[in-house]
Amino acid sequence: MTTANWKNSSLFRKTLNSLNGFRVAFLKEKAIMQETLALAVMVFLSILLGCEGPQVFLVFLACLLPITLELVNSAMEIFMDHVLGKTYREEIRRAKDMLSAAVCLALIIGYSGSLWIIFFVD
């Protein structure tokens, strides 16, 4: 498949590519697996504690934030290691630290937001 064909494929094919990307990340990246498990736990907790459908959906969306940032972080780290090699460079370390900080903030925002929705939103 040429680059042009891959780039201009159907919406269905693009969806399959995205789902495959998530499958690969889930199998290869421990953090993605853990955050997906955390999402399931938070959604289960919201259902168990009697949250309404819209609240459960908001919990689900809030828990997608850390997963999304972790996917970006993992992809960028793979890209940097592939293009620049594993040789230590201070600017690459700083970039990876900033990506990690973004994931950390997403974890705090996503899970504290989920807990807020579960326990304080009526």
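Analyst: Two packed helices are described by the angle between their axes and by the distance between those axes. In this model, which is predicted, the axes of helix H3 (residues 30-48) and helix H4 (residues 53-84) come within 9 Å and cross at roughly 170°. Because angles over 145 degrees count as roughly antiparallel, H3 is roughly antiparallel to H4.

User: Which residues of H3 and H4 meet?

Analyst: From H3, the residues are Ala 31, Ile 32, Glu 35, Thr 36, Leu 39, Met 42, Val 43, Ser 46 and Ile 47. Their counterparts in H4 are Val 56, Val 59, Phe 60, Cys 63, Leu 64, Pro 66, Ile 67, Glu 70 and Leu 71. Sorted by class, this contact of H3 with H4 holds 14 nonpolar, two polar and two charged residues.

User: At what angle do the axes of H2 and H3 cross?

Analyst: The axes of H2 and H3 cross at roughly 100° and come within 5 Å. Since 65 to 115 degrees counts as roughly perpendicular, H2 is roughly perpendicular to H3. On the H2 side the contact is made by Phe 22, Ala 25, Phe 26 and Lys 28, and on the H3 side by Lys 30, Ile 32, Met 33 and Thr 36. These residues divide into five nonpolar, one polar and two charged.

User: Where is Glu 29 placed, and which residues is it in contact with, leaving aside its neighbours within four places in sequence?

Analyst: Glu 29 lies in the loop between helix H2 (11-28) and H3. Leaving aside neighbours within four places in sequence, Glu 29 is in contact with Val 24, Ser 74 and Ile 78. The C-alpha atoms of Glu 29 and Phe 79 are 14 Å apart in space, while the two residues are 50 apart in sequence.

User: How is the exposure of a residue read? Does Glu 29 count as buried, partly exposed or exposed?

Analyst: The reading rests on relative accessible area: under 20% is buried, over 50% is exposed, and values in between are partly exposed. Glu 29 has 27% relative accessibility and therefore counts as partly exposed.

User: Is Asn 73 buried or exposed, and is Phe 44 buried or exposed?

Analyst: Asn 73, found in helix H4, has 7% relative accessibility and so counts as buried. Beyond its neighbours within four places in sequence, Asn 73 is in contact with Leu 99, Ser 100 and Val 103. Phe 44, by contrast, is found in helix H3 and is exposed because its relative accessible area is 54%. Between the C-alpha atoms of Phe 44 and Ala 102 there are 26 Å in space, and the two are 58 residues apart in sequence.

User: How many helices and strands does the chain have?

Analyst: The chain has five helices and zero strands. Along the sequence, this gives the pattern α-α-α-α-α.

User: What are the overall dimensions of the chain, and what is its radius of gyration?

Analyst: Along the principal axes, the C-alpha atoms fill a box of roughly 50 × 40 × 20 Å. The radius of gyration is 18 Å, whereas a compact globule of 122 residues would have one near 14 Å.

User: What share of the residues of the chain is buried, and what is its accessible surface?

Analyst: Of the 122 residues, 25% count as buried. The accessible surface of the chain is about 8,600 Å², and 71% of that belongs to carbon and sulfur atoms. As for contacts between residues at least 6 apart in sequence, 68% join residues at least 24 apart.

Terms used:
Residues are numbered from 1 along each chain as its sequence is written. This is a predicted model: local features need pLDDT of at least 70, side-chain atom pairs count only at pLDDT 80 or more; totals for chains, interfaces and linings use all residues. Side-chain values use heavy atoms; hydrogens and water are left out. Axes are lines fitted to C-alpha atoms, for helices over the stretch in contact, and angles run from 0 to 180 degrees between N-to-C directions. Helices (H or I, at least four residues) and strands (E, at least two) are DSSP runs, numbered from the N terminus. Angles under 35 degrees count as roughly parallel, over 145 as roughly antiparallel, 65 to 115 as roughly perpendicular and the rest as oblique. Contact means heavy atoms within 4.5 Å. Ala, Val, Leu, Ile, Met, Phe, Trp, Tyr, Cys and Pro count as nonpolar, Asp, Glu, Lys and Arg as charged, and the others, Gly among them, as polar. The radius of gyration is taken over C-alpha atoms; the globule rule is 2.2 Å times the number of residues to the power 0.38. Buried means under 20% relative accessible area, exposed over 50%, partly exposed in between (1.4 Å probe, protein chains only). Accessible areas come from the Shrake-Rupley method with a 1.4 Å probe; for residues, only the protein chains shown count as cover.
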